[in-house]
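Me: Could you walk me through this two-chain model, one question at a time? I would like the cut-offs along the way.

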Amino acid sequence: MSELTLRGTRAVIMIDRCVRLSRRNLDALLTSVLLPVIIMLLFVYLFGGAIETGSAYVTYVVPGVLVLCTGFGAAGTAVSVTTDMTNGMIERLRTMDVGATSIIGGHVVASVARNMVSTVLVLAVAVGIGFRPAVEPLRWLAAAGVLLLFLLAISWLSAAFGLLARTPEAASGYTFLVMFLPYPSSAFVPVETMPSWLRGFAENQPVTPVIESLRGLLLDTPVGSAPARAAAWYLGLLAIAVVLSAVLFRRRVA
Amino acid sequence: MPEPPAVELVDLRKSFADVVVLDGLSMRVPRGGVHALLGPNGAGKTTTVRILATLTRPDSGSARVAGHDVLREQRRVRRSISLAGQHAALDDEQTGAENLIMLARLAGLSGAAARGRAAALLERFDLTDAAGRRVVTYSGGMRRRLDLAASLVGTPSVIFLDEPTTGLDPRSRQGLWELIGELAGAGVTVLLTTQYLEEADRLADRIAVLHGGRLAAEGTAADLKRRFGAQRLELTWRDAASFAEAARRLGDRVIHREPARQELSVATDGSAPQVRALLDEVDPDRHGLLRFTVREATLDDVFLTLTDRPVSNEREVANV
């Protein structure tokens, strides 16, 4: 087998491994599927009545819930990477000449796949409770593209954090950061209702353009520059994450 | 051209922060057989194995495995070796078979070949019944066996085992010893680290004693006993006072002491004149000495002589 084929095969094997491990990790799987649904129900039925958004609240909140939950799910990559780095598996893989790209890539791809599945589930429940997206295949495709890029960047950043953390517990702290970021954004309430200093942050933080893009694309309303801003943010973050994780991996194993 | 040795270390040095772990270690391990790196905690055993397995870079000196330099020919070294570390490196949530198939495929086998190799290894390591169970359900002994099986998915010519039986019950340890012996029988070179003298004595064709990051001695168990232990004369005293008096007379010639049993040991060649002279010397009044015994040296004696640490602690470690 040529070196390149071997590398490709190894990457596929590592993805297969991480997908299987995520399927087996029942707690994490339940959290990543049930949590979004519960949060959505919480917002729609508990807070939704009191929040004025100009449309049915479920319609307003679904993009935000998608971002909150898939972001949280993707951040879980940090924990699985740290676990690999601390339990001896990494040393076996290194002595077998399995490279950083395969090891990190396996986790990242499995994370994206896992969260695409929970996205579909959340959307199905959302439709069940009254979410009525526009039927426009091209816009759906674009929305999927934005979400995919967001997931990829967050997963890879999480992997970098997982390389930095010394224990899985520390790594899980990172997931909370990602979990909180959607709150001061347009995810749950229109930014116009926020005090001006918070509004400035909410309008310019990286989660907002994703939510605005998804909202516009799914509901067939104007999106303005949101997709372009989302692409700029997450391509940038992805590039940083890829370089950072390569550096951290090398430092970690030195 | 003669085959290069399995392992060749020249003046290997490694420090972590201010702690010197390897202090100019040089040694050769010939091809084939089981070789033990024996030493107390902190002697540098694990660091040596990690350098050989390309996981840690030495500060200076050279290390070659199967003729390949660990720094300049990392990939070639990795193709020749496998490592089973102190912790079983397996995925808990995969089954035994899934772990082995995955690792065999990573080692470059096709899907069908990997499944065949996994099945054969599971059979050989007596894990066929547990093949479909997740590793998280395995006992400690089963995990070590699977870990050892995992280190054989490729075709390594040198296998490093870092404390392979630490934490196992005696029966599992026995089973693992047999498996390690069989590996060497099949022509693979096994280099294992251990702090169990019994393990080195039972398993290893040759033993390298590491102390303070250097090679303290090297040879077969019999060699080491002959060179460093010889025989010893065990002296049992009537009471604490005579024990203390004898200990004072012998000074640093005492190689072993058990105050609880009022016992002292000194080196001897076992000849009658020497033993008689010794007895006269330590008990001139012919009063305090109850019994004496001449014993063959054990690997403990060698270890104690070479590593020069407080006797009582070493006894505990050695007898675990």
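This is a predicted model: local features need pLDDT of at least 70, side-chain atom pairs count only at pLDDT 80 or more; totals for chains, interfaces and linings use all residues.

Me: Thanks! Is R286(B) buried or exposed?

Reply: Residues are numbered from 1 along each chain as its sequence is written, and chains are lettered from A and ligands numbered from 1 in the order in which they are written. A residue is buried if 20 or more other C-beta atoms, placed from the backbone, lie within 10 Å of its own, exposed if 12 or fewer, and partly exposed in between. R286(B) has 8 other C-beta atoms within 10 Å, so R286(B) is exposed.

Me: Where is R286(B) found, and what is its phi?

Reply: Helices (H or I, at least four residues) and strands (E, at least two) are DSSP runs, numbered from the N terminus. R286(B) is found in the loop between α10 (272-282) and β14 (289-296) of chain B. Most residues other than glycine have a negative phi. R286(B) is not a glycine, yet its phi is positive, at about 50°.

Me: And D97(A): is that residue buried or exposed?

Reply: D97(A) lies in the loop between α5 and α6 (100-128) of chain A. Its phi is also a positive value in a residue other than glycine, near 70°. There are 21 C-beta neighbours inside 10 Å, so D97(A) counts as buried.

Me: How many helices and strands does chain A have?

Reply: From the N terminus on, the elements of chain A run α-α-α-α-α-α-α-α-α-α-α. The count is therefore 11 helices and 0 strands.

Me: What is the radius of gyration of chain A?

Reply: Along its principal axes, the C-alpha trace of chain A spans about 60 × 35 × 30 Å. The radius of gyration is taken over C-alpha atoms, and the globule rule is 2.2 Å times the number of residues to the power 0.38. For 254 residues that rule gives 18 Å, and chain A comes close to it, so chain A is as compact as a globular protein of that length, with a radius of gyration of 19 Å.

Me: What share of the contacts in chain A joins residues at least 24 apart?

Reply: Two residues are in contact if their C-beta atoms, placed from the backbone, lie within 7 Å. Taking contacts in chain A between residues at least 6 apart in sequence, the share that joins residues at least 24 apart is 80%.

Me: How many helices and strands are there in chain B, and what share of its residues is buried?

Reply: Chain B contains 12 helices and 14 strands. Its C-alpha trace spans about 80 × 45 × 40 Å along the principal axes. Of the 320 residues in chain B, the buried share is 44%.

Me: Which element gives the most to the side of chain A that touches chain B?

Reply: In total, 20 residues of chain A are in contact with 20 residues of chain B. Two elements give two or more residues to that side of chain A, namely α1 (3-24) and α5 (89-95) of chain A. By class, the side has 8 nonpolar (Ala, Val, Leu, Ile, Met, Phe, Trp, Tyr, Cys and Pro), 8 charged (Asp, Glu, Lys and Arg) and 4 polar residues (the others, Gly among them). The biggest giver, with 7 residues, is α1(A).

Me: Which residues make the contact between α3(B) and α5(B)?

Reply: Helix α3 (residues 96-106) and helix α5 (residues 140-150) of chain B pack at an angle of about 20°, with their axes 10 Å apart. That makes α3(B) roughly parallel to α5(B), a label for angles under 35 degrees. From α3(B) come G96(B), N99(B), L100(B) and L103(B), and from α5(B) come L146(B), A149(B) and A150(B).

Me: Last one: which residues does F160(B) touch?

Reply: F160(B) is found in strand β7 (residues 158-162) of chain B. With 27 C-beta neighbours inside 10 Å, F160(B) counts as buried. Its C-alpha atom is separated by 6.3 Å from that of A84(B), 76 residues apart along the chain. Not counting residues up to four places away in sequence, F160(B) touches V49(B), L52(B), A53(B), I81(B), L83(B) and L191(B).

Definitions and conventions:
Axes are lines fitted to C-alpha atoms, for helices over the stretch in contact, and angles run from 0 to 180 degrees between N-to-C directions. Angles under 35 degrees count as roughly parallel, over 145 as roughly antiparallel, 65 to 115 as roughly perpendicular and the rest as oblique.
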